[in-house]
Amino acid sequence: CSRQPEVLWAQRSEKVYLTISVPDAEDVVIKTEPQGIFSFSAVAHGESFSLNLELFDSVLPEGSKTKTKVGSRNIICSIQKDKKCWWKRLLKSEAKHPYIKVDWNKWCDEDEESENSGSDDDFDGGEENDESDADDGMLYLPDLEKLRGK
């Protein structure tokens, strides 16, 4: 039986980023279907991992715009949305999935997007170079868990 990997997600108006935590993944298979079905499978250290997500809205089919980067710790996918708009959440269903979390490093709010759209590189360095002032930005994020009345 296969395990469910942890997924971090972030979005821009035209794309969704999924970072799937599977260190040393091999045999990575990723499929995106236009109606918004995202499926992933991989093997790491003899264990198999798999994931099937029904995304909030339709996406451009695989191959045309899905980019994937397999790193030593995780797999990053950039999926092009079919329509340019902000999704209220990642998945069609409103159920909470403990293995899906927001990727605050990549997160960008709707009103910030135009400032940050200078770099079209989906995979810009990632963890190494964000010591600058990332902490300052965190002060303005409401605690979403508290707002949900946890």
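A residue counts as buried under 20% relative accessible area, as exposed over 50%, and as partly exposed in between, using a 1.4 Å probe and protein chains only. By that rule Q11 is buried, with a relative accessible area of 2%. The model is predicted: local features need pLDDT of at least 70, side-chain atom pairs count only at pLDDT 80 or more, and totals for chains, interfaces and linings use all residues. Residues are numbered from 1 along each chain as its sequence is written, and side-chain values use heavy atoms, with hydrogens and water left out.

**Overall build**

- The chain has eight strands and three helices. Both are DSSP runs, numbered from the N terminus: helices are H or I with at least four residues, strands are E with at least two.
- Starting at the N terminus, the order is β-β-β-β-β-β-β-β-α-α-α.
- The chain has 150 residues, and 34% of them count as buried.
- The chain exposes about 9300 Å², and carbon and sulfur atoms supply 49% of that area. Accessible areas come from the Shrake-Rupley method with a 1.4 Å probe; for residues, only the protein chains shown count as cover.
- Take the contacts with a separation of 6 or more: 62% of them join residues 24 or more positions apart. Contact means heavy atoms within 4.5 Å.

**Q11**

- Q11 sits in strand β1, residues 6-11.
- Its side chain makes a polar contact with the side chain of K81, at 2.6 Å. A polar contact is a pair of N or O atoms within 3.5 Å; within protein, one must be able to donate a hydrogen and the other to accept it, and residues adjacent in sequence count only if both atoms are side-chain atoms.
- The side chain of Q11 also reaches the backbone oxygen of W87, at 2.8 Å.
- Setting aside neighbours within four places in sequence, Q11 is in contact with V16, K81, C85, W86, W87, W107 and C108.

**T32**

- T32 belongs to strand β3, residues 26-33.
- T32 is buried, at 3% relative accessible area.
- V59 is 27 residues away from T32 along the chain, yet their C-alpha atoms are separated by 7.8 Å.

**The nonpolar core**

- A nonpolar core is a set of buried Ala, Val, Leu, Ile, Met, Phe, Trp, Tyr and Cys residues joined through side-chain atoms within 4.5 Å.
- The largest one has 26 residues, and L18, I20, F38, F40, L53, L55 and L90 have the most contacts inside it.
- At least two residues of this core come from each of β1, β2 (15-21), β4 (37-44), β5 (47-54) and β7 (74-80).
- Strand β4 gives the most, with four residues.
- Not counting residues up to four places away in sequence, L90 touches W9, V16, L18, E54, L55, F56 and I100.
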